[in-house]
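Q: Hi! Could you walk me through a few bits of this one?

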Amino acid sequence: MKINLFLIASLFLINSHLNADIRQFKFSRTNTDLNELTRIVSIDAVEEDSVTAFANEEEWKTFLSFYIPYRIIIPVKYPKSIEMTDDDLRHVNWSKYPTYQAYLDMMASFERDFPLMCRIDTIGYSVRGKLLLAACITGDLEKNSQKPEFFYTAQIHGDETAASVFMLRLIDTLLSSYDKSEDIQKLLNEIQIWINPISNPDGAYYLNDSTFIGSIRYNANSFDLNRNYPDPPHVSQPNTHIRQPETLAMMAFASQRNFRMSVNFHGGTECVNYPWDSTPARHPETLWFETVSHEYADTARFYSPLTYMSNFNRGITNGWDWYPVFGGRQDYMTYFHNCKEVTIELSDQKMLPSSELKTYWEYNKRSLLNYIKNMEQGITADWSQNQIIPDSVEIVTISGLMIPVRKNHAIFHYPLNVGFYDIYIHYEDSTDSLKSIEVCKNQLTNLTPRVSFTDKDVLHPDNFCLSPVYPNPFNPETQFSLLCSSPGIIQLNVFNIQGKLVTRLNTGFLDAGEHYFSWDGKDKNGKGVSSGVYIIQAQQSKRTVRQKAVLIR
Ligand SMILES: [Zn+2]
């Protein structure tokens, strides 16, 4: 009897914890203004005629003042299907969820087992002092070379569980496949991948450190962290939520890094959701977002039953079209950091039964890898040798797209769709204009930097060299310089790829020093030549130097 009473008492205790002060509820979509309500409660899903939402105590009081009829959703209190383990997930075939300790141990093991490829960084701490961790994964980590950076982050809603296991499994796959797969080796040699498996550990391990049962959407202060970020200026009444420790840590982390693409993983439905969430206006790169989102969803759909990711437009949706969100991370990263972020919802069930983790991983594993490869199509530049690093890169063809260049990060990189782009590179007191820069499928176009010869080069007694042309490819004009340590007659000519003379740029005497030239893509008769590869060749007595120039009409 005594025991029974104790049991009842503890069940009651767990019950009250499970409910916390967070309510999940449903109401009719008819006659409701979602644009207003999304500022008051945390909308989770919008269906044809109904809306599902969460609210903390304060949000609930405000919602009640609208007199909207609602139905409370009672959470399943003890889902038997959520199996946890203290063990390494690799030992249980990735079919259980990790306890907090198992999670920490696994993250530590990645760094310990692959010290040359993996470093675990602490992004910050949760309200209850839990660790917000990210694995940095790349080839030649020890060289500390700068590379384009990519970011995956999961479980910002503590009760949307599947992605944390997928993230751990992805880290393991990347690290353990590096030596076996050329594909992964290439990816890791070119990109630095950051993975944060649990971004709301307090919500995930809400009841205690050993279970996801009783996990909550919000953090320990009852804030939805995915409604807690600064809104872009296109939002007329930006949210004024108190920024939570998890949010501030993530904001500081994003400012230190140089992310160009990221994903925020969720559960509760199955789709890829792309910006904007916070305005009906279309993002100028909507075509890019739709392309990469479809690639993710189509690949997952190919490897899964017909019903998977079959909602919306073949599994993808514009954020606002689904429902407005203010304070979301996706729009924050996309607007404030020029890091194109999408939100991926992995399973209709928020808490995917642990027995289904392997199946859903199979649906998604190719998409998870392929999505990172989108980083390898776009533009890039390495300004590490430049004396002056530009302030910003403006992609004129995409209205309003101005990307600040980080002075401590000389590798510039931006993923783009296939096509031609006019680009301005803004320096403090000048601007370089690059016309019709072509981005080809699965390739990065190098915005070849201007190379200035150093004093050492000029003073060297025996130097004779041509700088790379800039811009390259070019249209209508490209520039370059010739450095000669001794004066003399110098022939400077342009040849086509067949070796036929196109035009002469210099035939006479030049002093020692650096001389600047340009070529306007015209032949010796002043007629514009066609698109193609041309060789610029300088010759002084017996010495010859060449550079390639690509003209794109
Ligand atoms: Zn979510």
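Q: Which residue does Lys26 stand opposite in strand 3?
A: Lys26 faces Thr52 there. Heads up: the model is predicted, so local features need pLDDT of at least 70 and side-chain atom pairs count only at pLDDT 80 or more, while totals for chains, interfaces and linings use all residues. Numbering starts from 1 along each chain as its sequence is written.

Q: How many bridges join strand 1 to strand 3?
A: Six, with strand 1 (residues 23-28) and strand 3 (residues 50-55) running antiparallel. Strands here are DSSP runs of E with at least two residues, helices are H or I runs of at least four, and both are numbered from the N terminus. Two strands pair if DSSP finds at least two bridges between them.

Q: And what stands opposite Thr52 in strand 2?
A: Ala45. Strand 2 (residues 42-46) pairs with strand 3 in the antiparallel sense over four bridges, and the two form a hairpin with three residues between them.

Q: Switching to helices: at what angle do helix 9 and helix 12 cross?
A: Roughly 155 degrees, with the axes of helix 9 (residues 286-302) and helix 12 (residues 357-373) coming within 7 Å. That makes helix 9 roughly antiparallel to helix 12 (angles over 145 degrees count as such). Axes are lines fitted to C-alpha atoms over the stretch in contact, and angles run from 0 to 180 degrees between N-to-C directions.

Q: Which residues make the contact?
A: Among them are Val292, Tyr296 and Ala300 of helix 9, and Tyr363, Arg366 and Tyr371 of helix 12. Contact means C-beta atoms, placed from the backbone, within 7 Å.

Terms used. Parallel < 35°, antiparallel > 145°, perpendicular 65-115°, else oblique. Contact = placed C-beta atoms within 7 Å.
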